[in-house]
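Biologist: I'd like to go through this one with you and ask what stands behind each label. Can you take me through it?

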Amino acid sequence: MPRRPLRSAVRHGQASCADYGCTRAACRQAARRARRQRNQDRLRGLPARVPPYTAARWAARLREHGMSAQDIANRAGLSVTLVRRLLRTPEQGQARNIARSTADAVLGIPIPARREPRAPGLTGSAEASRLLADLARAGWPAPALAQRLEINARTIHEVRDKRPRLRLDLALRIRRLHRELIGLDPISQGIRPGNAARARAAAARRATEV
């Protein structure tokens with residue numbers, strides 16, 4: 001069984017998560033579906049792996065329409081590392097042959113509507129606000145999150161409480177940070193118990209004010 005990389009972007013519900021030993025039902029089901037699809041392809045005489053070029057061109061087109069590598073990975077149920085390799089040129093180390101199911105997953109993503117021309121690179125703050133509030137309830141203080149995101153702590157409060165839009169790249173960084181931290185105990189990661197308690201108490205107060 002392969003060892004999961006320390007900074008793996010594989011999420012629950014993906015077939016590769018089960019390959020790392022995850023026993024969640026959703027991950028096992030995804031792995032079974034992937035195996036079933038591979039078996040069907042073999043019976044039809046189709047190769048299990050295909051050249052990446054068609055999927056890479058489609059991924060590049062999705063990116064031109066405003067989707068990030070993380071957006072494509074989320075929609076396709078793939079790891080963001082694989083999508084980033086797919087988006088490279090052959091000179092940059094583009095993925096060689098890829099699984100047919102990977103190519104089909106990328107090719108199945110529809111072209112999104114273009115972002116508002118008045119606000120290129122911006123997105124709504126609803127998801128980021130929810131994720132930051134979730135981390136606060138878990139005991140992560142705003143200054144600690146700001147340090148990890150390399151932004152001002154005031155920005156954390158604004159995104160969480162009142163800013164209607166934020167930069168797309170910051171929204172994606174907040175999503176990744178939530179994925180990294182939500183399962184960890186803040187105190188075990190160097191957060192002082194008093195600071196963690198204050199973060200939880202403030203989050204509880206905000207929840208009652210909504």
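Biologist: How many cavities of 30 Å³ or more does the count come to?

Modeller: The count comes to 1. A cavity is a set of points, on a 1 Å grid over the protein atoms alone, where a 1.4 Å probe fits but cannot get out. Keep in mind that this is a predicted model, where local features need pLDDT of at least 70 and side-chain atom pairs count only at pLDDT 80 or more, while totals for chains, interfaces and linings use all residues. Residues are numbered from 1 along each chain as its sequence is written, and side-chain values use heavy atoms, with hydrogens and water left out.

Biologist: How much space lies in the largest cavity, and which residues line it?

Modeller: About 50 Å³, a volume being the space filled by probe spheres set on the points, which are joined across faces, edges and corners. Arg 38, Asp 41, Ala 48, Ala 99, Arg 100 and Ser 101 form the lining; a lining residue has an atom within 4 Å of a point. By class, that lining has 3 charged, 2 nonpolar and 1 polar residues.

Biologist: Why is His 178 called buried?

Modeller: Buried means under 20% relative accessible area, with a 1.4 Å probe and protein chains only. His 178 has 12% relative accessibility, so it counts as buried. His 178 sits in helix 10 (helices are DSSP runs of H or I, at least four residues, numbered from the N terminus).

Biologist: What does His 178 touch, not counting residues up to four places away in sequence?

Modeller: Leu 131, Asp 134 and Leu 135, where contact means heavy atoms within 4.5 Å.

Biologist: Leu 131 and Leu 135 are among the buried residues of helix 7. What span does helix 7 reach, and what is expected?

Modeller: Helix 7 (residues 126-137) has 12 residues and reaches 17 Å from its first C-alpha to its last, close to the expected 16 Å. The expected span is 1.5 Å times one less than the number of residues. After helix 7 comes Gly 139, with a positive phi near 105°.

Biologist: What makes helix 4 mostly covered?

Modeller: Of the 8 residues in helix 4 (residues 69-76), 6 are buried: Ala 69, Gln 70, Asp 71, Ile 72, Ala 73 and Ala 76. These buried residues pack against helix 3 (53-64), helix 5 (80-87), helix 6 and helix 10. Helix 4 is followed by Gly 77, whose phi is positive too, near 75°.

Key
Helix = DSSP H or I, 4+ residues; strand = E, 2+ residues; numbered from the N terminus. Buried < 20%, exposed > 50% of the residue type's maximum accessible area, 1.4 Å probe, protein only. 1 Å grid on protein atoms, 1.4 Å probe; cavity = no way out; pocket = protein on both sides within 12 Å on 5 of 7 lines; lining within 4 Å. Nonpolar A, V, L, I, M, F, W, Y, C, P; charged D, E, K, R; others polar.
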